[in-house]
Amino acid sequence: MQSVSTLERVLRGIAITVIILFFMFPILWIFLMSFQTNETILRVPPSIFFEPTLVNYKALISGRLEGSTATLEIAFMSNLYNSLFLSVTSVTVGLLLGVPAAYAFARLKFRGSEDIAFTLLSFRFAPPLLVLLPLTIYFQQIGLADTYVGLIWVYQLIVLPLILWIVRGYFEDIPADIEYAYRIAGHGFWATFRRIALPLAGPGIAAAGLLAFIFAWNNFIFALVLASADKQPVTVGALAFITASGINYGQIAAGIILSIAPTFALALYAQRYLVEGLSLGAVKG
Amino acid sequence: MSLELHDISKSFKDDKVLDGVSLSVPEGKTLVLFGPSGAGKTVLLRLIAGVIEPDAGHVEIAGRNVDGVEPEDRNIGMAFQNFALFPHMDAHANIASPLTAQKQGKSAIEAGVQSLARLLKIEHVLGHKPKELSNGQKQRTALARALAGKPKVLLLDDPLRNVDAKLRFEMRLELPRLLSDQNATVVYVTQDYKEAMAFGDEIAVINGGVIQQIGTPEQIYLSPANVEIARLFGDPVINFLDVTPQEDRDGVFAMISDKRVNLDAGHKHAVGQDCVLGIRPESVLFVAEDHIRAVPVTVEAETPLNEKTVNLCLTARGREIMASRPSGTPGPATGPAFVTIDASHAVLFDKQSGALIPQDESAALPKGEVA
């Protein structure tokens, strides 16, 4: 594009503004809500001017919800911890299993490798509920229901295909000659995997891990069905704010802000790597 | 260590890349694999290196069958056409990689890297990552890495392909000495006939996955096995003239522009056959009009080519002939002229198959007796 007319520039500006407003406004509104009490939130007409209060955050962090009639115990902080633990462990397990598998799918063309890789991807096609109902029965019978191990296992349905398919592409992008050169220099298969393939696919592995973390963190349905109160992540725990005496919008908003904060920060920090990692080949000659 | 290939075949899917290739390189010798791209040269090198396995046949290194031996256990050095440097390691670590694999001590590694870097004049860039190196430096780093492990078999996959002309010229002078110092058995792949002639103790011409000819550079140049090889070796390219050899009591001859060109008596068995006569441009000489075998031509163009001057000539029947002479020697730039054809190094090919018609040594008379 050599010359951009003024009209075009103005139109583009408007379009970008509209898009940003559309996507960012809900987040901004929730952010504002989290500093208000239910009364100011529910007043008509709504206003962006109010006296900010930290009462919602205090309630969440202390775990005591002071209602108009009674005090309610909530486990928000332990939910947050559960989210963190489940996501980190799931991604770790997913990387430990997925990265070597991705390498095998990329480099060793064995019989049926394409079919197996596709089957793993197809886990993402099925509606989660379809898998969950029979799984719940199995898990109850073998004692995995309501355990961290069981949850992490099920989380692999989300995490593993993602890691496998993203990282596989990265391994395929490494010119085979570079690995051959290392082998011919006298290093074995595993040394080549560790010192050539892994570092060169590093950005891709990081991007896949990050994405998997966000997906695991945002998961709702698996934990809803398979976990009881003390194993619940924040996504499920937020339901507790809908109480018999009313919906605590302020606390919900504060809970959302706290629970998206880690993934938001992570995504912001790693944005460059994510975009580079997901769009670009790893290495060229 | 000697290197031998026995009847190697390799297909990818339905595409037969190598078909029954057998080669033998004696210890310490250099074999040049010469052929156009897609001929199967690189695949053959990879089979020797052990990164791919042949469908049939086997590779022997030092008389030992290396089927199933992993690449890291073959004691081979290889330089890749695209360099294949490790992008996340600096030049020093790249060159050191065969030495670390041999579990050498720190000082031994340092000494090995430094001496190679000095030899290849890349000492000043040892701390650079591959992407900070120029193509020439990359190529030298790749070469140093291939040599570092003191391999007994060295595979060089067109290492001068991706470097600029000046460096290619320099390396053409340096490489033969470097290779002979290594005392390794070398397989050198190239598409450049000059490199092939300069480096090879022997040249194997490969095309379409089949070895077409194996011989010393002189053999390949002087008696190419077919028209295609004759065309590939030599610059300016060899002249081809359709002829039908004849014979009278003075010997075997062919007629070119109604002038008699005597052929070697060894070509007697080709008499009456439709042939293609291959004449190197160096054998086409400008002569004065009164020369007994002078063929009249029209000089169309003159082109300097390195140390030679090349003239494109047309015969009376419109056939094109290239004549080449050392620059500075007198010759017509344009216009009518006369040439004579020295057929002593001429080669005859069968017109249909393009295959060389070998001389019948027993029929060949001593040169002096050819009238």
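## Contacts and fold content

In chain A of this predicted model, 73% of the contacts (heavy atoms within 4.5 Å) with a separation of 6 or more are between residues 24 or more positions apart. The secondary structure of chain A consists of 13 helices and four strands; helices (H or I, at least four residues) and strands (E, at least two) are DSSP runs, numbered from the N terminus.

## Conventions

Residues are numbered from 1 along each chain as its sequence is written, and chains are lettered from A and ligands numbered from 1 in the order in which they are written. Local features need pLDDT of at least 70, side-chain atom pairs count only at pLDDT 80 or more, and totals for chains, interfaces and linings use all residues, while side-chain values use heavy atoms, with hydrogens and water left out.

## Dimensions and burial

Chain A has a radius of gyration of 24 Å, whereas a compact globule of 285 residues would have one near 19 Å; the radius is taken over C-alpha atoms, and the globule rule is 2.2 Å times the number of residues to the power 0.38. Along the principal axes, the C-alpha atoms fill a box of roughly 75 × 70 × 30 Å.

Of the 285 residues in chain A, 39% are buried (under 20% relative accessible area; exposed means over 50%, partly exposed in between; 1.4 Å probe, protein chains only).

## Helix H3

Helix H3 of chain A spans residues 55–62, and Asn56(A), Tyr57(A), Ala59(A) and Leu60(A) are buried in it. These residues lie on the same side of H3(A) because they cover an arc of only 160 degrees around the axis, based on the directions from the helix axis to the C-beta atoms. Lys58(A) and Ile61(A) are exposed on the other side of H3(A). Gly63(A), with a positive phi near 80 degrees, follows H3(A).
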